[in-house]
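Hi,

Here is the structure I promised to pass on. Have a look at it first, and then read my notes below.

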Amino acid sequence: MHTHYKKIMIIGGVAALAVVAGTLFFTYLSRFDTPAVVRMRTILRLPAMRVDGERVRMDTIERNTASIKQFYEIQDFASMGIRIDFSTEDGQKRLKMQERQMLNKIVEDIAIAHLARDWGITLRSDVVSAAVDRPMEEMGTREQVIEKLHTLYGWTLADFEDKVVRPQLLRDKVMERYDAENTVTQDMHDTMRRAKKELDDGRSFDDVARKYSEGSTAEEGGIMGWFSGEQIQDEIGKKVFTMAKGEYTDIIETPLGLHIVRVNDTATEEDYSLVHVSQIVVKKKSFGTFLEEYLRTLSVRLYMPGYAWDTDAAAIVFTEPEMQAFEEKAYNDAAQMTRNLLQGISHEADADASQAKQKEE
């Protein structure tokens, strides 16, 4: 009898080891999702990655991916000419793209939490509760919000607080602290004074912008285009809408940095004014740039197949060439659509400004 029980124990142990080995294989070597494998991952609490020693479990990633899938599948994109179908080969790749973005968001949230800890930043429970309750005021009753969260994402209110509210509140407080300490430097002032002197000495605005500006339009001589009052920062708008064609401002400080703005042209469209402007800008280091630099200092280890941490990019990337090529094409297609849209808007704005000038003349 003792031998019989011993055999049963050995067989049971071998079977358990086989299940664990199979789960590990289908998790880390060949991502294979079936209800049984997913269940075993949850039981074993298998890690998907570690961020500075903080473990993120595989079942957490899978629940988040399921929420993303549910959100997109329940939406009606027919009016936009888009059909979401994650059952196709391309659909599965698009879901992987969404999963990669979600993984990077988790890394970023952990980084923000670490910064908050290091800087002594905390969240009061009443502030979090108020932020959770805000959708009730905007969207209806508590029951309606709970139902909507469940329908769209499969979430509870606790999920909403944990995945959205707390990370966003913490990010806001960390960013506020950073912005308060991220002042304009003496070097920035010196650079702009040199630029201003060259303008005052008669050098063309285009040339000075190409030489000194850190804006994306520097190569085009700082040309920004047409703007209405609602489209331009208050600090700059207060100046340029009182200026004549050909005039440029003194050095202006905004949350982005230091600016010198030139009015290239003005127009009136119905009951609002338009200005065509160029700028020279020397930028403060943005919070986004600071956070990217901080992310590069983190130790991030990926255990999920198909992903790796790229320190230079400060992001999780695909390791499979097929997924890399698919993602690049998807982004290029989206960028081209955006360029076409912006080009159409720009042409409309130019046409409106031209018609306004013709009316004035």
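At roughly what angle do the axes of helix α3 and helix α4 cross? The axes of α3 (residues 58-74) and α4 (residues 89-118) come within 10 Å and cross at roughly 125°. (Axes are lines fitted to C-alpha atoms over the stretch in contact, with angles from 0 to 180 degrees between N-to-C directions; helices are DSSP runs of H or I with at least four residues, and strands are runs of E with at least two, numbered from the N terminus.) That makes α3 and α4 oblique to each other, as angles under 35 degrees count as roughly parallel, over 145 as roughly antiparallel, 65 to 115 as roughly perpendicular and the rest as oblique. On the α3 side, the contact (heavy atoms within 4.5 Å) includes Ile61, Asn64 and Tyr72, while Leu95, Met102 and Ile106 are among the α4 residues.

A quick word on the source: this is a predicted model, where local features need pLDDT of at least 70 and side-chain atom pairs pLDDT 80 or more, while totals for chains, interfaces and linings use all residues. Residues are numbered from 1 along each chain as its sequence is written, and side-chain values use heavy atoms, leaving out hydrogens and water.

Now for the largest pocket. (A pocket is an open set of points on a 1 Å grid over the protein atoms alone, where a 1.4 Å probe fits, with protein on both sides within 12 Å along at least five of seven lines; lining residues have an atom within 4 Å of a point.) Its volume, the space filled by probe spheres set on the points, is about 1000 Å³. The largest pocket has 30 lining residues, with Asn64, Ile106, Asp109, Asp162 and Lys163 nearest its centre. Helix α4 gives the most to this lining, nine residues.

Cheers
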